[in-house]
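I opened my notebook to look up a few things in this structure, one topic at a time. Come along and check each entry against the picture.

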Amino acid sequence: VKDGGVGSIFRASLQGDQCLQWPARQHAPQAHERTATRQPRGDCGGARTGPGLQDRETVHSGSMDESGSEAHMQRVQLKEGKGAQALALADEAGKACYEIMRSKQVNTTNGKPPNWYLPIVDCVITQLRLSAYAADTESKNLKNQRAAYNFIREFLTACNKKEKNTPLRSLKMGTLFVVNHLFKLCFRINLLRNTANLRTSIEAPGFPPLESFPRSQTVTYKFYLGRLLMMEEKYDKAEECLDYAFKHCHKACKKNKLRILQFLIPVKLLLKKSPHPRLLEKYPFPQFKAVIRAVKTGDLKGYNDALRQNEDFFVQKGVFLVMEKLKKFVYRNLVKKVLVYVQNDDSQPHKSRIYLKTLRAALKVHGVETAEDNFDEIECILANLIYEGLIKGYIAHARCLVVSKKNAFPR
């Protein structure tokens with residue numbers, strides 16, 4: 001490789017007889033394949049078969065000898081802390097792959113489909129992205145990652161070109177893994193405004209169904225799409241995508257499942273769906289446990305304390321605003337607890353009324369101080385709960401909250 005150059009090696013590989021096929025999705029890999037591949041880690045994915053899209057993507061045994069390849073050289077460079085050198089190798093290989101994709105000068109003899117070399121392109125883009133990460137870590141800026149993003153966009157353009165071949169035999173089968181790589185870069189370098197165009201490529205008419213792609217690619221796409229929908233406050237669709245990613249992620253990829261749950265749990269809580277206790281035992285999240293406990297019991301003080309103690313974690317994961325929206329459920333359950341107290345108090349003649357001064361006392365116990373001369377703040381909280389359908393009733397101004405005698409707190 002050193003003598004001939006990385007680009008020439010890849011040109012020879014793509015134009016020669018060496019072939020890298022998409023692994024079959026109908027069955028699990030054989031024993032020799034399982035022992036030859038590493039467990040995926042890093043980003044979400046991890047199907048039983050198919051090239052993974054984790055931060056250390058795997059290539060199935062028999063596909064390609066890496067002992068003298070540029071991939072091996074790049075990994076050596078990365079381990080030695082030479083991100084710039086590794087990026088130069090990856091960039092040369094990427095240019096060679098892109099040149100071949102544009103010219104379509106590939107060997108299609110022996111019954112090989114025209115897009116047989118797409119897994120090689122996936123491997124090259126993976127190394128390009130990881131090398132850009134390492135180079136920017138050394139230089140402490142985002143220049144290389146931005147350049148990698150722009151370069152990988154060229155691959156997306158090449159994949160979306162019109163072809164005479166059927167979609168399953170065309171370069172469109174490479175669109176999904178290219179979009180996944182771009183998603184990872186967008187989230188890493190804060191280019192989320194560019195994700196709308198990437199989603200358009202997948203949602204375009206005539207695009208192959210996601211079921212025709214390796215499951216690892218589909219899981220990765222659904223994970224990032226769910227995160228984007230969560231940011232757009234489309235929580236129903238976000239739950240659908242994240243739930244799909246969690247259920248179809250390989251059971252051995254526990255780290256990936258944990259990453260998905262970091263976003264799936266807040267979305268489900270906001271949709272009034274509490275995770276099963278066994279799930280939280282298998283995948284422990286002490287940050288979420290404290291919040292869930294406070295929401296269920298109407299413990300406003302405990303909720304505020306949990307949110308304050310874990311603020312850095314929630315902000316880092318991008319779910320702080322979602323967790324903050326759970327406060328309305330805490331208020332609802334607190335009002336419900338006060339109503340139970342009123343109904344069990346024989347001195348209270350009206351069992352469906354909660355006087356505002358009683359609610360003010362309950363809020364004060366939980367560390368929330370309100371104005372002593374009026375109930376405007378309490379009435380505002382109750383009005384929002386009634387408007388959102390969390391409480392059925394009405395407010396008697398400056399006096400009390402009158403709740404429905406039947407189903408006062410809809411589920």
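**Entry 1**

I started in helix 14, where Arg 308 and Asp 305 both sit, 3 residues apart, about one turn of the helix. For my notes, helices (H or I, at least four residues) and strands (E, at least two) are DSSP runs, numbered from the N terminus. I also wrote down that this is a predicted model, in which local features need pLDDT of at least 70 and side-chain atom pairs count only at pLDDT 80 or more, while totals for chains, interfaces and linings use all residues. Residues are numbered from 1 along each chain as its sequence is written, and side-chain values use heavy atoms, with hydrogens and water left out.

I found that the side chains of Arg 308 and Asp 305 form a salt bridge of 2.5 Å, N to O. By that term I mean a side-chain nitrogen of Lys or Arg within 4 Å of a carboxyl oxygen of Asp or Glu. Side chains of opposite charge can pair when their charged atoms come close.

I saw that Asp 305 also meets Lys 301 in a salt bridge, at 3.2 Å, N to O. Asp 305 and Lys 301 are 4 residues apart in helix 14 (residues 300–309), so about one helical turn separates them.

Next I asked how exposed these side chains are. Arg 308 is exposed at 53%, Asp 305 is partly exposed at 21%, and Lys 301 is partly exposed at 43%.

**Entry 1: a longer reach**

How many salt bridges does a search of the whole structure find? I noted 10. One that I looked up joins the side chains of Glu 232 and Arg 199, at 2.8 Å, N to O. Glu 232 lies in the loop between helix 9 (215–231) and helix 10 (235–248) and Arg 199 in helix 8 (residues 195–203), so this pair ties together parts that are 33 residues apart in sequence. Glu 232 is partly exposed at 36% relative accessibility, whereas Arg 199 is buried at 13%.

**Entry 2: a glycine in a loop**

I moved to Gly 174, in the loop between helix 6 (143–159) and helix 7 (175–189). Is Gly 174 buried or exposed? At 0% relative accessibility, Gly 174 counts as buried. Setting aside neighbours within four places in sequence, I found Gly 174 in contact (heavy atoms within 4.5 Å) with Leu 118 and Cys 159. I also noted Phe 155, which is 19 residues from Gly 174 in sequence and 8.8 Å away in space, C-alpha to C-alpha.

I then looked up an open sheet of 3 strands, with the order 1-3-2 and antiparallel pairing. Two strands pair if DSSP finds at least two bridges between them. The edge strands, each pairing on one side only, are strand 1 (353–355) and strand 2 (393–396).

Strand 2 and strand 3 (residues 400–403) run antiparallel and are joined by 4 bridges. I traced Ala 396 to its bridge partner Cys 400 in strand 3, and I found Ile 395 opposite Leu 401 in strand 3. These two strands form a hairpin with 3 residues between them, and Ala 398 in the turn has a positive phi of about 65°.

Helix 18 (residues 356–365) lies across strand 1 and strand 3, at about 65° to strand 1. My note on angles: axes are lines fitted to C-alpha atoms, for helices over the stretch in contact, and angles run from 0 to 180 degrees between N-to-C directions.

**Entry 3: the largest pocket**

Which residues lie nearest the centre of the largest pocket? I listed Lys 272, Val 295, Phe 329, Arg 332 and Asn 333, out of 15 residues in the lining. A pocket here is an open set of points on a 1 Å grid over the protein atoms alone, where a 1.4 Å probe fits, with protein on both sides within 12 Å along at least five of seven lines; lining residues have an atom within 4 Å of a point. Helix 17 gives the largest share of this lining, 4 residues.

Methods: Buried means under 20% relative accessible area, exposed over 50%, partly exposed in between (1.4 Å probe, protein chains only).
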